[in-house]
Amino acid sequence: MKIYLNGKLVPEKDAKVSVFDHGLLYGDGVFEGIRSYNGRVFMLEEHVERLFRSAKAIDLKIPLTREGVAKAVVRTCLANRVMNGYIRLIVTRGVGSLGLNPYNCAKPQVIVIAGTIQLYPKKLYDEGLSIVTVGTIRNHTESINPQIKSLNYLNNVLAKIEAINSGCLEAVMLNPQGFVAEATGDNIFVVRGNTLVTPPAWCGTLEGITRNVVMKLAAESGMTVREDVLTRYELYTADEVFLTGTAAEVIPVVTIDRRSIGIGKPGKATRKLAAAFHRFASSSGTPIK
Ligand code: PMP
């Protein structure tokens, strides 16, 4: 495997960063997870735009233009023949001292890894996922805003630990006000009748790129689509619940806190949206050439 590291494609064994990189020392950096389908990078511009917004929010200057970053992604996919895969785009603060001060770091490091990822077994897409609400509260928007896709994912890791230790693969995280924020690596949606609802970004939600695509596809299919505050009441009483994310795509949720959601099986709206998402994803994107 070839890794893109600061402008060069290097063999995996040579793709190394310093132990003094603040990405490692402090989780100081930003990243994106991107997919390629049928030889095209899906929603590349949107991912690059969000990367730059995350970087801006932590006052990190990416040493490339948006076009330069997009080109690095395509180049890495091409070098590794990743036509249907998963791409990890990372910008770390760079090498610094053992002190926190990010302004003493030499130069941000840009890394692209193009490989594969399988988040959930196929069975769960057919039968649905069981999830739990957990005690770990999603980061307050004024501590680390969840809109920043930073290298510091401990908040999510702690929630994931709780989920796994309660026998589930994914957790619903609430925000400090007790409203539903998101899952540890996915956005959450509720279907009630012909209406689709997902929390707004200010609830402590990453503005997911899959989320935005699904909202658009749902509106086009005639559903009423709303961003609104959700509580556990809305989850427990929903007709359908599903999660969205780059790696997970659209996955139905059939139980939350061991309570059955709707009829306890993947619902019609979820299945329809998942199919629409696959059609859209397999027919759009930036060509890898
Ligand atoms: N929330 C969190 C915390 C995430 O890490 C992700 C990405 N895995 C998402 C939501 C979904 O965002 P996207 O659709 O852009 O992958």
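How many nonpolar, polar and charged residues does the lining of the second largest pocket have, by class? The count is ten nonpolar, three polar and five charged residues. Keep in mind as you read that this is a predicted model.

- Domain 1 puts 26 residues into the contact, and domain 2 puts in 19 residues.

**The largest pocket**

- The volume of the largest pocket is about 620 Å³.
- Its lining is made up of 38 residues, and those nearest the centre are K149, Y153, T184, G185 and D186.
- Both domain 1 (2-115) and domain 2 (122-282) give residues to this lining, so the largest pocket lies between them.
- At least two lining residues come from each of β3 (29-37), β5 (85-92), α5 (154-165), β9 (180-183), α6 (209-220) and β13 (240-245).
- Sorted by class, the lining of the largest pocket holds 15 nonpolar, 14 polar and nine charged residues.

**The second largest pocket**

- To return to the pocket of the opening question, the second largest pocket has a volume of about 330 Å³.
- There are 18 residues in its lining, with K122, Y125, E249, V250 and H278 nearest the centre.
- Three elements, α4 (122-127), β14 (249-256) and α8 (268-281), supply at least two lining residues each.
- With four residues, α8 provides the largest share of this lining.

**E249, a residue to look up**

- E249 is one of the residues nearest the centre of the second largest pocket, and E249 is found in strand β14.
- Is E249 buried or exposed? E249 has a relative accessibility of 10%, so it counts as buried, the cut-off being under 20%.
- Phi of E249 is positive, about 60°, although E249 is not a glycine.
- As background, most residues other than glycine have a negative phi.

**The cavity**

- One cavity of 30 Å³ or more is present in the structure, and the largest cavity has a volume of about 50 Å³.
- Which residues line the largest cavity? They are R35, Y37, F42, M43, H47, I209, T210, T246 and F277.
- Each of the two domains, domain 1 (2-115) and domain 2 (122-282), contributes at least three residues to the lining of the largest cavity.
- Among the elements, β3 and α6 each supply at least two residues of the lining of the largest cavity.
- In terms of class, the cavity lining has five nonpolar, three polar and one charged residues.

**Strands and sheet**

- Seven strands make up an open sheet with antiparallel pairing, in the order β2-β1-β6-β5-β3-β4-β16.
- At the edges sit β2 (8-11) and β16 (286-287), each of which pairs on one side only.
- Within the sheet, β3 is joined to strand β4 (residues 40-41) by two bridges, and the two strands run antiparallel.
- Y37, one of the residues lining the largest cavity, has R40 in β4 as its bridge partner.
- Elsewhere, strand β8 (residues 170-174) runs antiparallel to β9, with three bridges between the two.
- V172 has A183 in β9 as its bridge partner.
- Five residues lie between β8 and β9 in their hairpin, and in the turn G178 has a positive phi of about 90°.

**Two arginines**

- R88 lies in strand β5, and R88 is partly exposed, with a relative accessible area of 29%.
- Neighbours within four places in sequence aside, the contacts of R88 are F31, E32, G33, I111, V112 and I113.
- From R88 to R35, the C-alpha to C-alpha distance is 8.9 Å, although the two are 53 residues apart in sequence.
- R81 is placed in the loop between α3 (66-80) and β5.
- What is the relative accessible area of R81? The value is 61%, so R81 is exposed, as the cut-off for that class is over 50%.
- R81 also has a positive phi, near 55°, in a residue other than glycine.

Note on methods:
Residues numbered from 1 in each chain as written. Predicted model: local features only at pLDDT ≥ 70, side-chain atom pairs only at ≥ 80, totals over all residues. Heavy atoms only, no water. 1 Å grid on protein atoms, 1.4 Å probe; cavity = no way out; pocket = protein on both sides within 12 Å on 5 of 7 lines; lining within 4 Å. Points joined across faces, edges and corners; volume = space filled by probe spheres on them. Nonpolar A, V, L, I, M, F, W, Y, C, P; charged D, E, K, R; others polar. Domains from an automatic or database assignment. Pairing = 2+ DSSP bridges. Buried < 20%, exposed > 50% of the residue type's maximum accessible area, 1.4 Å probe, protein only. Contact = heavy atoms within 4.5 Å.
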